[in-house]
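Colleague: Hi! Could you walk me through this model before I set anything up?

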Amino acid sequence: MKSIRIGTRNSALALWQAREVARHLQNNNYLTEITPIVSSGDKNLNQPLYSLGITGVFTRDLDIALLNDEIDIAVHSLKDVPTQLPQNIELIAHLERDFPQDVLIRRESAKDKEFHELKLATSSLRRRAFWLKHYPNTEFFDIRGNIQTRLKKLEEQDFDATILSLAGIKRMNMDINYEMLPVMIPAASQGVIAIAGHSEKPEINEILKSINHKQTQICVEMERNFLSTLEGGCTAPIGAFAEKIENQIRFKGALCSLDGKNYIGIDESFEYNEEENFGEKFANIVLENGGRELMAEIKSQL
């Protein structure tokens with residue numbers, strides 16, 4: 001078989017993730033080549049994501065390349081992938097999840113400040129809302145760009161700290177101090193590298209299934225079903241995290257108002273079975289407990 005063409009964004013982190021997929025495929029004796037593609041999300045670093053008015057801002061260009069047969073597969077950070085995929089594109093494989101957590105990174109001058117005193121830079125509605133739930137008087141700043149860009153802005157601009165995904169820091173092997181944030185529920189499927197394929201390429205998709213991590217797939221499908229049932233797209237303040245321990249799963253999910261004042265959460269441990277759509281079930285519990293009105297309020301504010 002000819003070399004498998006792996007499409008990826010061209011950031012350092014995305015290229016690392018593409019090389020990780022290539023490594024898994026090469027371990028199974030398949031040839032690979034990496035094709036970097038500049039995404040619309042990377043081209044516009046001035047506007048926060050939620051103001052761009054579209055979901056899939058980081059995946060659209062790779063979707064087009066996949067549909068145009070410029071690449072055979074596309075590698076994504078799964079949390080960037082909309083729950084509604086374009087026609088003929090499907091998620092085929094998931095690598096094992098590594099670090100799902102959000103972490104706080106401070107500039108040196110703010111190292112002694114209490115959490116409620118920090119001026120915080122993040123463009124994520126989820127991170128802002130969940131933080132405001134606990135620290136309602138926080139002043140926020142928008143920040144975009146890759147990890148290196150954000151850390152540079154942290155040193156140069158007038159805020160104290162930022163929140164990043166631990167997965168990116170670990171994958172880039174960065175030696176920086178960070179603090180865990182137990183108050184944060186991660187974005188659905190945070191910390192997972194996923195591989196999308198074309199539905200009309202069954203031979204390649206069959207190869208991809210050989211590197212799929214089933215336990216990760218079970219958890220992230222639950223999280224994404226929770227997200228899609230709440231109709232959150234990629235921008236509403238929704239967190240979802242499922243963890244499988246033997247045959248038990250613990251699921252934590254939450255929907256939060258933009259100002260952090262209205263928080264509807266769920267925390268359940270249960271025995272997993274393939275028949276039941278647990279993500280949808282838990283989302284419906286949230287919707288029935290005020291979530292429907294809260295989602296309408298959030299959409300009107302956005």
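Colleague: What kind of model is it, and what do the values rest on?

Modeller: It is a predicted model, where local features need pLDDT of at least 70, side-chain atom pairs count only at pLDDT 80 or more, and totals for chains, interfaces and linings use all residues. Residues are numbered from 1 along each chain as its sequence is written, and side-chain values use heavy atoms, with hydrogens and water left out.

Colleague: Thanks. How many residues does α1 have, and how far does the helix reach?

Modeller: Helix α1 covers residues 12-27, which is 16 residues, and spans 22 Å from its first C-alpha to its last, close to the 22 Å expected at 1.5 Å a residue. That expected span is 1.5 Å times one less than the number of residues. Helices (H or I, at least four residues) and strands (E, at least two) are DSSP runs, numbered from the N terminus.

Colleague: Which residues of α1 are buried, and what covers them?

Modeller: A14, Q17, A18, E20, V21, A22 and L25 are buried in α1. Buried means under 20% relative accessible area, exposed over 50%, and partly exposed in between, with a 1.4 Å probe and protein chains only. The cover includes strands β1 (4-9), β2 (32-37), β3 (73-77) and β10 (193-198), along with helices α6 (166-171) and α7 (202-209).

Colleague: And what comes just after α1?

Modeller: N29, with a positive phi of about 70°. N29 is a residue other than glycine, and sits in the loop between α1 and β2. N29 counts as exposed because its relative accessibility is 72%.

Colleague: Switching to charges: how many salt bridges are there?

Modeller: The whole structure has 22, where a salt bridge is a side-chain nitrogen of Lys or Arg within 4 Å of a carboxyl oxygen of Asp or Glu. Side chains of opposite charge can pair when their charged atoms come close.

Colleague: What does D69 pair with?

Modeller: D69 pairs with K201, and their closest N and O atoms are 2.6 Å apart. D69 is in the loop between α3 (60-67) and β3 while K201 is in the loop between β10 and α7, so the pair ties together parts that are 132 residues apart in sequence. D69 is partly exposed, at 41% relative accessibility, whereas K201 is buried at 18%. D69 also has a positive phi, about 60°, although it is not a glycine.

Colleague: What about R126, which partner does that one have?

Modeller: R126 forms a salt bridge with D102, with the closest N and O atoms 2.6 Å apart. R126 belongs to helix α4 (residues 125-134) and D102 to strand β5 (residues 102-106), so this pair links parts that are 24 residues apart in sequence. R126 is buried, with a relative accessible area of 5%, and D102 is buried too, at 3%.

Colleague: How do α8 and α9 cross?

Modeller: Their axes come within 7 Å and cross at roughly 35°. Axes are lines fitted to C-alpha atoms, for helices over the stretch in contact, and angles run from 0 to 180 degrees between N-to-C directions. In α8, M222, N225, F226 and T229 meet a set of α9 residues including F278, F282, V286 and L287, where contact means heavy atoms within 4.5 Å.

Colleague: Last one: where is E246?

Modeller: E246 lies in the loop between β11 (238-245) and β12 (248-256), and counts as exposed at 72% relative accessibility.
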